[in-house]
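Colleague: I would be grateful for a close look at one part of this model, followed by an account of how other parts are held together.

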Amino acid sequence: MEPVVSIVMPTFNRMEFLPATIESVLAQTVPHWELIVADDGSNAETLEYLAAWTRDERIRLMRLRRSGNAGAARNAGIAAARATLLAFLDSDDFWAPNKLERQLAELRANPNCGWSYTAFVTIDADGKPLASERSRPWTPHTGQIFVQTVRTTASIRPSSVLARTELVRDIGAFDEAIDCSEDYDLMLRLAFRSPVCVVDEPLTSVRRHSSNPKRRAGAPHLARDYSLRKLEAQATGRDRKLLAEERSRNALGLAAALTAHGERRRSVATVFRSAPLGWKYPGWWYGAAKELARTVLRAGRGSAASAPRSTSAH
């Protein structure tokens with residue numbers, strides 16, 4: 001029987017988490033799926049472990065040359081997918097048993113929606129919810145959520161998404177030109193193209209741990225500007241204005257991140273470079289003044305801390 005859902009899972013040397021992830025797929029109440037494991041050059045131990053799972057004809061292993069690009073690995077899986085629906089699952093995350101079932105029901109009840117997502121819980125390496133989960137706000141957004149996606153008020157994780165394969169391929173899948181925030185880039189384009197339906201249940205567990213990739217200061221903001229700028233070139237009217245305004249806000253976020261890492265000159269330059277984008281928006285003026293003041297204050301504290309102390313002889 002042809003699969004109903006193609007599950008694309010990129011991975012690289014995640015032996016400590018792979019068993020829980022794969023078991024969560026096997027436990028799905030929807031049996032007609034295929035799992036495409038796009039391995040990005042893992043070691044022999046991991047490959048041997050994954051190859052053993054291919055005894056289940058629903059599981060396929062793609063051995064890719066190491067690139068370090070998660071988008072490229074995901075795209076290899078997307079290209080090989082046979083089902084009309086695509087699910088994404090990172091190899092350190094896992095699902096509740098009824099995750100796919102609930103999303104399939106939502107998409108069937110809302111045929112105008114090209115994709116869906118679920119609520120999620122963030123867990124540590126041992127699978128325990130992080131302390132921040134007790135206070136993390138969660139607001140489900142459904143229908144046309146382009147504004148909320150641009151402003152990041154819609155909280156969506158790749159492992160929570162189920163989308164129509166044709167839609168994902170039509171918008172170009174993952175952008176391999178960026179090596180971080182590629183998930184935000186995809187959600188932005190999905191929301192621009194299609195309404196979404198949401199399952200307001202925490203059916204996805206997203207793991208945070210010490211081997212999550214570390215990024216240089218400001219890298220996510222730079223990748224986000226790339227995504228916003230790319231879409232701004234296609235948008236018109238209010239959507240184009242929204243994207244331009246968000247780029248100016250994102251620039252101030254980049255400046256703040258640079259200041260926090262002691263890169264004050266880059267921070268000031270970033271604020272001034274964002275002026276052609278931000279001068280139209282009152283919020284930019286306030287934010288720019290605040291960020292420049294913060295940079296000056298930090299520079300002053302740094303100078304005071306480095307000044308030699310005077311000593312007196314007694």
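Is serine 274 buried or exposed, going by its relative accessibility?

Modeller: Serine 274 counts as buried, because its relative accessibility is 4%; buried means under 20% relative accessible area, exposed over 50%, and partly exposed in between, with a 1.4 Å probe and protein chains only. The model is a predicted one, in which local features need pLDDT of at least 70 and side-chain atom pairs count only at pLDDT 80 or more, while totals for chains, interfaces and linings use all residues. Residues are numbered from 1 along each chain as its sequence is written, and side-chain values use heavy atoms, with hydrogens and water left out.

Serine 274 sits in the loop between H10 and helix H11 (275-278). Helices (H or I, at least four residues) and strands (E, at least two) are DSSP runs, numbered from the N terminus. Residues up to four places away in sequence aside, serine 274 touches Ala251, Leu252 and Trp284, where contact means heavy atoms within 4.5 Å.

Ala251 and Leu252 also take part in the packing of H9 on H10. Two packed helices are described by the angle between their axes and the distance between the axes. Helix H9 (residues 237-260) and helix H10 (residues 264-273) pack at an angle of about 170°, and their axes are 8 Å apart. The axes are lines fitted to C-alpha atoms, for helices over the stretch in contact, and angles run from 0 to 180 degrees between N-to-C directions. H9 and H10 are therefore roughly antiparallel to each other; angles under 35 degrees count as roughly parallel, over 145 as roughly antiparallel, 65 to 115 as roughly perpendicular and the rest as oblique. On the H9 side, Ala251, Leu252, Leu254, Ala255, Leu258 and Thr259 meet Arg266, Ser267, Thr270 and Val271 of H10. By class, this contact of H9 with H10 has 6 nonpolar, 3 polar and 1 charged residues. In that scheme Ala, Val, Leu, Ile, Met, Phe, Trp, Tyr, Cys and Pro count as nonpolar, Asp, Glu, Lys and Arg as charged, and the others, Gly among them, as polar.

Salt bridges come next. A salt bridge is a side-chain nitrogen of Lys or Arg within 4 Å of a carboxyl oxygen of Asp or Glu, and by this rule the count comes to 21. One of them joins the side chains of arginine 74 and aspartate 90, at 2.7 Å from N to O. Arginine 74 lies in helix H3 (residues 70-80) and aspartate 90 in the loop between S4 and S5, so this pair ties together parts that are 16 residues apart in sequence. Both arginine 74 and aspartate 90 are buried. Arginine 74 also forms a salt bridge with glutamate 182, with the closest N and O atoms 3.1 Å apart. Glutamate 182 belongs to helix H7 (residues 182-193) and arginine 74 to helix H3, so here the parts tied together are 108 residues apart in sequence. Arginine 74 has 4% relative accessibility, and glutamate 182 is buried with a relative accessible area of 10%.

The side chains of glutamate 291 and arginine 294 meet at 2.3 Å, N to O, and both residues lie in helix H12 (residues 282-306), 3 residues apart, about one turn of the helix. Glutamate 291 counts as buried at 4% relative accessibility, whereas arginine 294 counts as partly exposed at 33%.

Glu2, Glu34, Arg60 and Arg82 are linked in a network of salt bridges. Arginine 60 is found in strand S3 and counts as partly exposed at 29% relative accessibility. Apart from its neighbours within four places in sequence, arginine 60 is in contact with residues including Glu34, Ile36, Ala80 and Arg82.

Strand S4 (residues 85-88) pairs with strand S7 (residues 162-164) in the antiparallel sense over 3 bridges, and leucine 85 stands opposite arginine 164 in S7.

Note on methods:
Pairing = 2+ DSSP bridges.
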